[in-house]
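Hi everyone, thanks for making time this morning. I'd like to walk you through one protein, so let me put it up on the screen.

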Amino acid sequence: MTDSEMNLTIERRQEIEGVIREVLKKKLSGVSINAVDIAPDFDEFGDPILRVKVIYKDQGKTPLQGLSGLVRNIRPSLSRMQEERFPVMSFIASSEMEALKSEAH
């Protein structure tokens, strides 16, 4: 993958984030998603990946149900839009995000 392919245009980033959001909405019903942030990267073997950070509203519990199959559900949608990078997902509760921000100041 070239440097230009590593960089995503704003439109492409929004398109990918939108596709991921749709799958999250379907598979994690009842979980409020605050943000989906993606960043192109490489894994430890040099293969291209998409780091996907999902920030969800903390409602007193982690949205564990439905997480195990998310990548399996996201990949076909990404593939249809010619995005072949493997999505590496991380989930952060909005309350944790606020704590991280306050620690940084």
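Let's begin at Glu22, which you'll find in helix α2. Please keep in mind throughout that we are looking at a predicted model. Is Glu22 buried, exposed or partly exposed? Its relative accessible area is 42%, so Glu22 counts as partly exposed. In sequence, Glu22 and Ile74 are 52 residues apart, yet their C-alpha atoms are 9.1 Å apart in space.

Now let me zoom out for a moment. The protein has four helices and three strands. Reading from the N terminus, the order of elements is α-α-β-β-α-β-α. There are 105 residues in the protein, and 32% of them count as buried. The accessible surface amounts to about 6,900 Å², with 50% of that belonging to carbon and sulfur atoms.

How many does a search of the whole structure find? The answer is four. Let me take you through some of them, starting with Arg12. Arg12 forms a salt bridge with Glu15, and the closest N and O atoms of that pair are 3.4 Å apart. Both residues sit in helix α2, and because they are three residues apart there, about one helical turn separates them. Glu15 has 39% relative accessibility, so it counts as partly exposed.

Arg12 also forms a salt bridge with Glu83, again with the closest N and O atoms 3.4 Å apart. What does this pair tie together? Glu83 lies in the loop between α3 and β3, while Arg12 is in helix α2, so the bridge ties together parts that are 71 residues apart in sequence. Arg12 and Glu83 are both buried.

Let's stay on Glu83, which has another salt bridge, this one with Arg85. Here the closest N and O atoms are 2.6 Å apart. Arg85 is buried, as is Glu83.

What is the phi of Gln82 near? It is near 60°, a positive value in a residue other than glycine. Gln82 has a relative accessible area of 63%, so Gln82 is exposed. Glu83, by contrast, is buried.

Last stop, the surface charges. Which residues form a positive surface patch? They are Lys26, Lys27, Arg72 and Arg80. Two elements give two or more residues to this patch, namely α2, covering 10–27, and α3, covering 70–80. Arg72 has a relative accessibility of 63%, and the cut-off for exposed is over 50%, so Arg72 counts as exposed.

So, if you'd like one picture to take away, look at helix α2. Helix α2 holds Glu22, where we started, and Arg12, which reaches Glu83 in the loop between α3 and β3. Helix α2 also gives two or more residues to the positive patch, as does α3.

Methods. Residues numbered from 1 in each chain as written. Predicted model: local features only at pLDDT ≥ 70, side-chain atom pairs only at ≥ 80, totals over all residues. Heavy atoms only, no water. Buried < 20%, exposed > 50% of the residue type's maximum accessible area, 1.4 Å probe, protein only. Areas by Shrake-Rupley, 256 points an atom, 1.4 Å probe, with all protein chains shown as cover. Patch = residues over 30% accessible without salt bridge, like charges linked within 9 Å, V, L, I, M, F, W, Y side chains within 5 Å. Salt bridge = Lys/Arg side-chain N within 4 Å of Asp/Glu carboxyl O. Lys, Arg positive; Asp, Glu negative; His and termini not counted. Charge placed at Lys NZ, Arg CZ, Asp CG, Glu CD.
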